[in-house]
Amino acid sequence: MVTMNSSEKAQKACQQGPSRDTTKSTKDDKDKKDKDTMIANLPPSVQALMSTIPSPEESPNYLVYKKMEAIIEKMQDETTGVPVRTVKSFMTKIPSVFTGSDLVSWLSRHLSLEESWESLHLAHLLAAHGYLFPIDDHCLTVRNDNTYYRFQTPYFWPSNQWEPENTDYAVYLCKRTMQNKARLELADYEAESLARLQKMFSRKWEFIFMQAEAQSKVDKKRDKLERKVLDSQERAFWDVHRPMPGCVNTTEMDPKKLSRINAIKAKRLRQCQELILQHNLKNNPIVTITNAQESEEAIQKNIEKNNESSIKENGETSQTQPETIEVEKTIEQQIEAAKRQLSVLKARMERRNVRVSKVAEMFISYCEQYSEYDAFLTPPEWPNPWISDTTELWDQEKQCKEPLPLRRVRRWSFGLRELLRDPPGREHFAKFLSKEFSGENLKFWLAVQELKALPIRRVSSRAKEIWKEFFAAEAPSPVNIDAASRELTRTKVESGTADRYCFDQAQAHVYHLMKSDSYSRYLRSEMYKDYLNGSKKKTSVKGIRSIVSFTGRKETSAN
Amino acid sequence: MPKDDPETAALKKELNDIIAKAKAEQEKVADAKLAEKCGDMADVPKIRLITKKTLKGHINKVNSVHYSGDSRHCVTGSLDGKLIIWDTWSGNKVQVIPLRSAWVMSVAFAPSGNFVACGGMDNMCTVYDVNNRDATGSAKMVRELAGYEGFLSSCRFLDDTHILTGSGDMKICVWDLEVGKREVEFDAHAGDVVTISLAPDMKTYVTGSVDKTCKLWDVRAEKEKQTFFGHEADVNSVCYHPSGQAFATASEDKTARLFDIRSDQQLGHYTPPGASGFTSCGLSVSGRYLLAGSDDNTVHSWDTLKVAHTGTLNGHENRVTSISLAPSGIALASCSWDQGVRVWG
């Protein structure tokens, strides 16, 4: 028998199907009554909190299910619905079925669907969600012919927010194996699932077996025809929640969303339970918690705080905290959060913002400058590797042989960042700087970049090395930076707690120097111009070739 | 709300005032619309990417894909519990790494190509060394970073020794991989941190979260530099503009947007012809094309400047969960619930 979580029981409307729950209906009723009286005894504010437990309305497909159910109910109407009857065949009677063609024709008539495939598609969707099913097949599709179908009982409708567990499935499969073999053997995938579940639940298999036995005993007592109907409905239920491989699974949800919904449910439930327990302990009529209106953020922070504090108290639950302190904490947290937000906004107000028009211009110029390098806009120098079946594109980029393509060398003139990003660019720049005897700036900059990527334990020793190399009194490669940054860096390094960002200010200063001074001279230098021309000369032949192949490619793509 | 004591009341008033002022500032700066300004630019051609390679091998939904720094290899993680490193040119599987937990939500490739990281519902981030194998012949597990209170939703390598992660417990952590210890950990958002994107200069990064905001962070600091509002539902993915001055976002509210950092506001608003949520986004090298993978089994593309839809890439048979652009811009990899990974070029 499939069971529902106790929390959801409190929310269920009486959607009783046929008397399936004879074994546990009495227990259910008692539970429900207990819960009801318990709820009624609680103060209204707690009741309000309990109502924050998500009701069926919040399940993702609720509206869709309601629409489908409206159609189904019309279909089940005695006079104007789909004709359901008991069919006699060979030696048995098939109770309460209707044919596929009946269903499809009813749909096109009553919903005034014009195209023939529309009603078939709609019927198929109703089946896929589990509202009707073919009586002899596991695959939930509908065919427009004389095959027989049956309606699913409202107990099993998906709008009841079923989330059946693997244990329930195991009990069901076990029960199936106990039934008369001739009639209902397990399909291959069901046998596999059963084997898998047996392994999973090997420790409590006895318990599962007992439950299956109990259920099959109850079933045996039923009337044969009724039993057929109920069996087929239960089978259809499991076809929806544990579909046959190859069939659509309509109960799937993105796991990230699912985990979030579950987390929220769990939190709310815990909160509610805590409240109930506190209420029972303290018997304090004045409950000043009004969490029902608070933001998600506050609730989550509250729960986190509660968890943290309860962990600190060696596992004691938060019940031992008096309620008033809890309330104060909530307000405190809100104040803290508000203060944080305030400081961020204040910082924002102090910033100067650039106008959108200027920003747009910047984007336009960036796009135009780089459109040459965007493979989606301009074909790159080397042929597309998947079309031409060579890996030239990647191999050539890695190599730094002399005749570098013109595009690549030109890119170095876009900004210092581009120059430093490309390894051959760095080398060329280093050569230029060594000619000018100002190579230490670049070396320092590269050393600090390396420092930032080091693991923690080597940071402080390396920082000291860098200091000795570039800033100390008799440094081999002295770097010129202003006195303020120098002092700052010195205190940081010599304090012994050098972190990887201690040279940042100095590095920024050096970067600025390089950008304004050395870089601009580099771009105007003979070296760079020669390099450009050199690559131009050497790639001019390549350039022609690439134009030829470019048009060649155009022709093939036009075919 | 409980009775406001004067302090709370004063704070609230101050907060509301400053929010109003910030909004007013934003409007002052918004003196032009992006599409109008770029009105006289040449129209960009409709995107002509076709599937160059279909990478077959996963036997369950593929959740995440990330390109390596060499623009040739990519790693994909799937719910069948495997990480596969592909050579996108030949379609060969360079390595298949079996995972301890099948619920992988996010993968990352180090730019150097030496490490891959993955994580998901196991609340851990696991880092593997691509170049070394262990006793069983699969890639050596270098680190198992545990201690999250929520699932690992995104991770990105800062370099070979540092990894930045965002998780379902709303925190961001930076780990030192040599020691396996957390360097920094702080509360970042009011909801799960779902996505991270590093700036080209690696000094800053942007995160997106289910609390509908995106925040800009400095790698060195624990407080955010800027917050961007505008989305109406979860932000599923963010991607930096190659200039480092803006970023694109894709969200569950069926839009993709372009936010600019310097003017601190939303510049572009991109909607598809149909209506389905977006799961991931990417920008091309020049920043002209914005591509976003969507729930309707296609990848949509827009001209970012003219705010116009330039086409869709069809081919997947189920929702596209993640896309990744090669750093050199030569290709785009997309993965989907139909168990396939496609390389578009």
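This is a predicted model: local features need pLDDT of at least 70, side-chain atom pairs count only at pLDDT 80 or more; totals for chains, interfaces and linings use all residues.

In chain B, Val127(B) stands opposite Arg143(B), which lies in S9(B). The partner strand here is S8 of chain B, residues 125–133, and S9 of chain B covers residues 139–145. The two run antiparallel and are joined by 6 bridges. Together S8(B) and S9(B) make a hairpin, with 5 residues between the strands. One residue to look at in the turn is Gly137(B), whose phi is positive, about 95 degrees.

As background, strands of a sheet pair through backbone hydrogen bonds, in either a parallel or an antiparallel sense.

Now chain A. What is the order of the strands in its open sheet of 4 strands? Reading across, the order is S1-S2-S4-S3, and the pairing is antiparallel. At the edges sit S1(A), residues 85–89, and S3(A), residues 132–134, each of which pairs on one side only. From one strand to the next the twist averages 50 degrees. Taking one pair from that sheet, S1(A) and S2(A), the latter spanning residues 92–99, are antiparallel over 4 bridges. Within that pair, Arg85(A) is opposite Val97(A) of S2(A).

On to the interface. On the chain A side, 71 residues are in contact with 89 residues of chain B. The size of an interface is often given as the accessible area lost when the parts come together. For chain A and chain B the buried area is about 7,100 Å², and 66% of it is on carbon and sulfur atoms.

How many salt bridges does the rule find across the interface of chain A and chain B? It finds 3. One that I can show you is between the side chains of Arg457(A) and Glu178(B), at 2.6 Å from N to O.

Which elements of chain A give two or more residues to the side that touches chain B? They are the helices H11 (255–282), H12 (296–312), H13 (323–350), H14 (356–370), H15 (385–388), H16 (392–398) and H21 (456–470) of chain A. H13(A) gives the most, with 13 residues. By residue class, the side of chain A that touches chain B divides into 34 nonpolar, 12 polar and 25 charged residues.

That is what I had; I can go back to any of the views.

Methods. Residues are numbered from 1 along each chain as its sequence is written. Chains are lettered from A and ligands numbered from 1 in the order in which they are written. Side-chain values use heavy atoms; hydrogens and water are left out. Contact means heavy atoms within 4.5 Å. Buried area is the accessible area (1.4 Å probe) that two parts lose on being put together, summed over both. A salt bridge is a side-chain nitrogen of Lys or Arg within 4 Å of a carboxyl oxygen of Asp or Glu. Ala, Val, Leu, Ile, Met, Phe, Trp, Tyr, Cys and Pro count as nonpolar, Asp, Glu, Lys and Arg as charged, and the others, Gly among them, as polar. Two strands pair if DSSP finds at least two bridges between them. Axes are lines fitted to C-alpha atoms, for helices over the stretch in contact, and angles run from 0 to 180 degrees between N-to-C directions.
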